[in-house]
Amino acid sequence: MKKIKASLLLVLMVTLLTSCSNSDDNSSSEETNFNGSLIGTWLGETSSLNGQSLGKPDNDIITFKSDNTVEFKYTGFGVNGQDISEFGKWTYVGKTLTITWNDADPANKTYVLTLTELSSKNLKWETVIKGEGTLKESFIKK
């Protein structure tokens with residue numbers, strides 16, 4: 001009788017431990033990936049188009065401000081290596097980040113990104129560029 005009780009107790013303990021760890025892992029993983037704030041300056045790390053590495057993102061410095069304005073800085077892309085900046089307004093709902101550019105032609109006025117990670121140190125997103133494919137970029141917080 002003691003062996004049966006010990007066996008049942010062991011089975012019960014293993015079942016509880018494995019079921020608890022699985023549900024805990026899932027919730028903490030989701031929290032880890034989306035517990036940060038966009039506000040601040042982000043430095044470009046990686047960029048890829050259709051799985052092919054492009055190196056650092058062209059927009060290598062991005063600053064999101066609390067008044068929902070954003071600056072994308074393209075370091076060295078101007079005449080004589082000057083920096084070029086684009087400015088716009090941003091909104092963030094669910095996992096969708098939408099940027100409406102201040103000075104853009106109507107066809108390129110809105111930029112929609114799907115966030116795949118947002119933590120206190122990491123930002124990753126992807127977007128489909130019509131006629132080109134899926135662009136994925138990652139940034140670290142400055």
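Predicted model: local features only at pLDDT ≥ 70, side-chain atom pairs only at ≥ 80, totals over all residues.
**Salt bridges, strands and core**

At 43% relative accessibility, Lys136 counts as partly exposed; buried here means under 20% relative accessible area, exposed means over 50%, and partly exposed is what falls in between (1.4 Å probe, protein chains only). Residues are numbered from 1 along each chain as its sequence is written, and side-chain values use heavy atoms, with hydrogens and water left out.

Back to Lys136: its partner is Glu126, and the two form a salt bridge with the closest N and O atoms 3.9 Å apart. Glu126 sits in strand β8 and Lys136 in strand β9, so the pair ties together parts that are 10 residues apart in sequence. Glu126 is partly exposed as well, at 27% relative accessibility. The structure holds two salt bridges; in the one between Lys124 and Glu117, the side chains meet at 3.6 Å, N to O. Lys124 is partly exposed at 36% relative accessibility, whereas Glu117 is buried, with a relative accessible area of 15%.

As for the overall layout, the protein chain has one helix and nine strands. Helices (H or I, at least four residues) and strands (E, at least two) are DSSP runs, numbered from the N terminus. Read from that end, the order is α-β-β-β-β-β-β-β-β-β. Of the 142 residues in the protein chain, 25% count as buried. The chain exposes about 9,500 Å², with carbon and sulfur atoms supplying 56% of it; these areas come from the Shrake-Rupley method with a 1.4 Å probe, and for residues only the protein chains shown count as cover. Among contacts (heavy atoms within 4.5 Å) between residues at least 6 apart in sequence, 38% join residues at least 24 apart.

Next, the strand pairing around β9.

A polar atom of the Thr127 side chain lies 2.7 Å from the backbone oxygen of Val112. Leaving aside neighbours within four places in sequence, Thr127 is in contact with Tyr111, Val112, Leu113, Gly133, Thr134 and Leu135.

In soluble globular proteins, nonpolar side chains tend to be buried together. Here the largest nonpolar core has 17 residues, and those with the most contacts inside it are Leu38, Phe64, Phe72, Leu97, Ile99, Leu123 and Trp125. Such a core is a set of buried Ala, Val, Leu, Ile, Met, Phe, Trp, Tyr and Cys residues joined through side-chain atoms within 4.5 Å. The elements giving two or more residues to this core are β3 (61–64), β4 (69–74), β6 (96–101), β7 (110–118) and β8 (122–129). Beyond its neighbours within four places in sequence, Leu38 is in contact with Phe64, Trp90, Tyr92, Leu97, Leu115, Leu118 and Leu123.

Trp90, one of those contacts of Leu38, is found in strand β5 (residues 84–93) and counts as buried at 10% relative accessibility. Not counting residues up to four places away in sequence, the residues touched by Trp90 include Ile39, Phe64, Asn68, Val70 and Ile99. The Trp90 side chain also reaches the backbone oxygen of Lys65 at 3.3 Å. The C-alpha atoms of Trp90 and Asp67 are separated by 9.1 Å, with the two residues 23 apart along the chain.

Asn59 is buried, with a relative accessible area of 5%. With neighbours within four places in sequence set aside, Asn59 is in contact with Phe72, Lys73, Tyr74, Trp125, Glu137 and Phe139. Two of these, Phe72 and Trp125, are named among the core residues with the most contacts.

Key
Salt bridge = Lys/Arg side-chain N within 4 Å of Asp/Glu carboxyl O. Polar contact = N/O pair within 3.5 Å; in protein donor to acceptor, adjacent residues only side chain to side chain.
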